[in-house]
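Happy to look at this one with you.

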Amino acid sequence: MSRALEPVSRAGRVLFELDRFELVDDHYELEGRWSGVRGRRFIRPALTALDDGHSIRMLADLVHKPWAAEDGEHWEAAFPCRAQTRELLAAELTVAPDITIALAAPGHSGPTRAPTPSKPPASSATKLPAKPAKPAKSGRDEGAETSLAQALSDARAEQRRLKTALDRAQAEKLQTETRMDELLGRLSQAMRDRDEGRAARSQVERELTALQDERAELGIERDSLRKQRDEIAADRSAVVRARDEALRATEAAGSARDEALAERGGAISARAQAESARDDATAARSQAETERDAALALRDHALADRDAALVARDDALVERQAALSAREDALRDRNSLRAKLEQHHALEAQESSARGAAMVMRRAVQEPRAFQHAPQILPRAMAVIVLLAIVVALLIVVRVG
């Protein structure tokens, strides 16, 4: 398109002045100015493009949100291209349910406004020739003039017919363009309705899935509630049974209480007797404890005496064992001494006998006859001394044993 087309608007007064519409990288960038939009609120702009017979719908990037439009103020929007597109044949901008603007093909810039119908220009093929100056008339000239007048009349009639046909063609063209714009608007609206329907169907499907999930959860919750109901019913039955048992137990407790009250008097008298017996038992127990303490003291003294006697016995046994050992040693010494003493006595007896005999013989030779009885006293004295020594030794041995 080399010119902007008339916008399709239900209000009929909204105009868009295009400043720039081109493809930059992967975005279609659109800039312009609106008029006749005072008090209007735009939705998210949508760009519907016709690419080689395929309709492509693109939503505006959120970077320019909220796309507020003011009369005569700069307005821009960017549409991300989600597919590889060829040269666009037509494009439409939708900013409200009742505002759809036909745009020039990308790459055309400069201010453009929606055209208004204008009178068709006069055809260049039917220009009237300038009226020639009248020459002097002749017969041939009159015939030529008559022929020229007829041709001029035919040309004017043809001009009027062509002008009528041109007016009709331009009217049909304008009507066709208006119809095409209306059809494009309806197509855009249908595409929007289709997209909205798809979105609504997706939303319904999501809601259906959510409802199915919720129904499943409700089923699970219902089963849980039923289980809780059964448990509550079982608990209620158990509570009723427990209540009945408690009532029966209360009745039995009342009967037992009456019996207990009846037995209470006897228990009180029995308790008095028991308290008297308890006092007697307490006194007896005190006396028994006193006697027990005395007996324990006597037992402790007896145990102490026993322990001392045992210690003395152990000491006596030790001393006795030592005395026995000493006695055995003394007996051995006595026997040894006795054997030595007997041997000594035997030797002494032999020596005494020999010495006595020698002395007797010597005295018999030397002394007078009056002193010859003296040698008999010495052996007796020696025997007495030996006997005394033996007695002393025996006394020592006995004392040691």
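Q: What makes the stretch that holds I385 a helix, and which helix is it?
A: I385 sits in helix α2, residues 377-400; helices are DSSP runs of H or I with at least four residues, strands are E runs of at least two, and both are numbered from the N terminus. Do keep in mind that this is a predicted model, where local features need pLDDT of at least 70, side-chain atom pairs count only at pLDDT 80 or more, and totals for chains, interfaces and linings use all residues. Residues are numbered from 1 along each chain as its sequence is written, and side-chain values use heavy atoms, leaving out hydrogens and water.

Q: Why is I385 called exposed?
A: Its relative accessibility is 52%, and exposed means over 50%, buried under 20% and partly exposed in between (1.4 Å probe, protein chains only). I385 therefore counts as exposed.

Q: What makes up the largest nonpolar core, and which members touch the most others?
A: The core has 27 residues, and L30, W34, W75, F79, L93 and L103 touch the most other members. Such a core is a set of buried Ala, Val, Leu, Ile, Met, Phe, Trp, Tyr and Cys residues joined through side-chain atoms within 4.5 Å. Strands supplying at least two residues each include β3 (27-35) and β6 (74-80), while β7 gives the most, with four.

Q: Which residues does W75 touch?
A: Contact means heavy atoms within 4.5 Å. Leaving aside residues up to four places away in sequence, the partners of W75 include F16, L30, W34, W67 and L93.

Q: How many helices and strands are there in the protein?
A: Two helices and eight strands, in the order β-β-β-β-β-β-β-β-α-α along the sequence.
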